Amino acid sequence: MSSHFVHSKLLWTPTRLGHTNIDHLRRFINRKHGFNLTDYYQLHKYSVEDYTFWQDLWEFLGIIYSQPSTKILEQGAVEELPIWFPGARLNYAENLLYRNDDTIACTASGESGSVKHYSFRTLRKLVGEMAAAMKVTVSNPVIESQVTIITNSITAVVIALATTSIGAIFSTTATDMGTQGILDRYRQIQPKFVFAETQVQYVGKLIDLMPKISQVVQDLSDKGLRRAILLPSAVTGAIPQALLPNSITLPDFLTTGDGRPLTFEQLPFNHPVYILYSSGTSGKPKCIVHSAGGVLLQGKKDMRLNFDLNPDETYFQYTTTAWMMWPYMLAGLACGARLILYDGSPFYPTLETYLKFIHDQGVNLLGTSPRFLAEVQGRNIKPLELASFDALRTIGCTGAPLTAPLFEWAQNAFGKRVHLISTSGGTDIHAALVTGAACLPVHCGELQAKALGMKIEVFDPSGNNIEHTGEAGELMCTRPHPSLPLRFWGDTNFEKLRDAYYSMYPGIWRQGDFIVVNPVTKGMLILGRSDGVLNPSGVRFGSGEIYAVMEQFSAEIDDSLCIGQRRPHDDHERVLLFVKMRTSAGGLKPQLEDRIRIAIRTALSARHVPAFIFQIEDIPYTVNGKKIEIAVKQIVSGINVQPSGTVANPESLQLYYKYRDIERIVGQVKARM
């Protein structure tokens, strides 16, 4: 077996074999078409060979519509982007608000510890009031966008659903983003309305947002902004007194509504619903326009089938509104599930308090990140000593590769019965490409399965499918699916979109991830971003392989960053490993450096051993919690990088410029020895 899968032992086996939602779909398709699909792999094969699968899925998921489609898809203006379900009319928000009962739809909480529940009936009422005010104010919702600068709150959900109920386009940023980061997004799309928080709390501190909001509103007013709606304080509930020019408070805005009943504009499947943004760590982010039907169908598929989420269950996705996981999680409402909306830091007042909250709320599906799990592990917290987590059935982990050692730790930490899923998809497609399946076993470190309807292949540089070889290559999606982006905002001729996804292998979607398939288990490993693939002396490997080894040193090393360096005068690329030490461990000592090299050589090979290992004060991350490798690679290779507003700690990038002169740095290190 390939060295990639030396840790690939069986961790979990299905507990409801034959009774998962995937099994129900398989039997539904068998009955409808007279098939005899017997397992997930046969179901997946059908899903990527016959577009009829998407019609089957539409019916199985119970998509609400007012007019059926005339066919499943037809050729669009761009060959790579077909038009899905032409003729169909539906509304995204209507499908999320299909319930109108007193069951809890959303539970809002945060650092204060207060918990407030909102029923589906109440949620519909709040959305109706907001939509009524919007309809009075918005002149042309079909082409106008409404944006927010907001926390993960019930108000955010209400604004999103009200906006989409009238057919307008919704977009959002988080309150912790800097002024420049917000403007890098919103200057491009020129919104007509912005809903903005005025005061928030984070890590126990009150933060006045009015100076930031004032700058944003003033800037956007020159680009078509008609009105700013200021929200009451998320902490005290106080209504802002000092209004900005051309602004109104949310309570006053709501009084402009005429009390009309909630209705849902019936729109084409491909009608735009969200604008999401690429990370854009060293430049303006791409503004990615998504369709209502694509987001709905794919989101409900992922939740209902791959996460096996059922009505009346509880889904808690820890996320900010700046990340695609926020609109993605809203699909839980379409499944009839309860959403937990958490505003604040999971580390305040304590991480133990946050973990107990997960248990106390009876969370069935927890969405989190490898970084969070690593923090729990690094602090030596044992979750099962805090609570039983008896309701917890599934943990979905995304945002970065989940290394095999951390994967095994998390499985043991939360209990053998929990289905631990590692998933990978993207803001670009608002869906998962590779994901979990409750009807399949879990092997340590592996993503279980290709998502239904997603034809995933692994390409070598020449465009050959090499997944059967156990060798790593480019993650490709070689067949269209409904949540391909409609376009980039402002990219009228689709040139930027084609350049971003279709330029390396013409006509075929390149996701930009480096992946390998286990020929035995059929599981997969994401080895990092393919544009950050390490290539010393012609040996290609991903940074994720190094991070997996570094988990052995979590007691001493808080974080690490592995990148390649090739300056204009270098004959080949060298691998640099930067480590951020835990305070208790002191500095990077020669003995620890030797242990790291031995561990990498033993687990991988001598060719994987970094040329140099350096201690660094900080590791750069995006505001969405993703480690920034490419910008650091550019910096140490001689390219000046201007960090965008999506870098959470932009000052950290300055730490890496001195490593351009690596010979001098190495000389200084040797002189101290």
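Modeller: A search of the whole structure finds 4 cavities of 30 Å³ or more. This is a predicted model, in which local features need pLDDT of at least 70, side-chain atom pairs count only at pLDDT 80 or more, and totals for chains, interfaces and linings use all residues. Residues are numbered from 1 along each chain as its sequence is written, and side-chain values use heavy atoms, with hydrogens and water left out.

Biologist: What makes a set of points a cavity, and what makes it a pocket?

Modeller: On a 1 Å grid over the protein atoms alone, a cavity is a set of points where a 1.4 Å probe fits but cannot get out, whereas a pocket is an open set with protein on both sides within 12 Å along at least five of seven lines. Lining residues have an atom within 4 Å of a point. Grid points are joined across faces, edges and corners, and a volume is the space filled by probe spheres set on the points. The largest cavity has a volume of about 90 Å³, and its lining has 15 residues, with Thr 172, Ile 275, Leu 276, Thr 321 and Pro 327 nearest the centre. The second largest pocket has a volume of about 840 Å³.

Biologist: Why is the pair of Phe 28 and Phe 60 called tilted?

Modeller: The structure holds 36 aromatic pairs. Rings of Phe, Tyr and Trp (its six-membered ring) pair if their centres lie within 6.5 Å; planes under 30 degrees apart count as stacked, over 60 as edge-to-face and the rest as tilted. The centres of Phe 28 and Phe 60 are 5.7 Å apart and their planes are at 55°, so the pair is tilted.

Biologist: Which residues is Val 295 in contact with, leaving aside its neighbours within four places in sequence?

Modeller: Contact means heavy atoms within 4.5 Å. On that basis Val 295 is in contact with Tyr 92, Val 273, Tyr 274, His 290 and His 430.

Biologist: How do you know that Lys 522 sits over the ring of Tyr 41?

Modeller: The criterion is that NZ of Lys or CZ of Arg is within 6 Å of the ring centre and within 35 degrees of the ring normal. The charged end of Lys 522 sits over the ring of Tyr 41, 4.1 Å from its centre. Lys 300 lies over the face of Tyr 98, at 5.9 Å from the ring centre.
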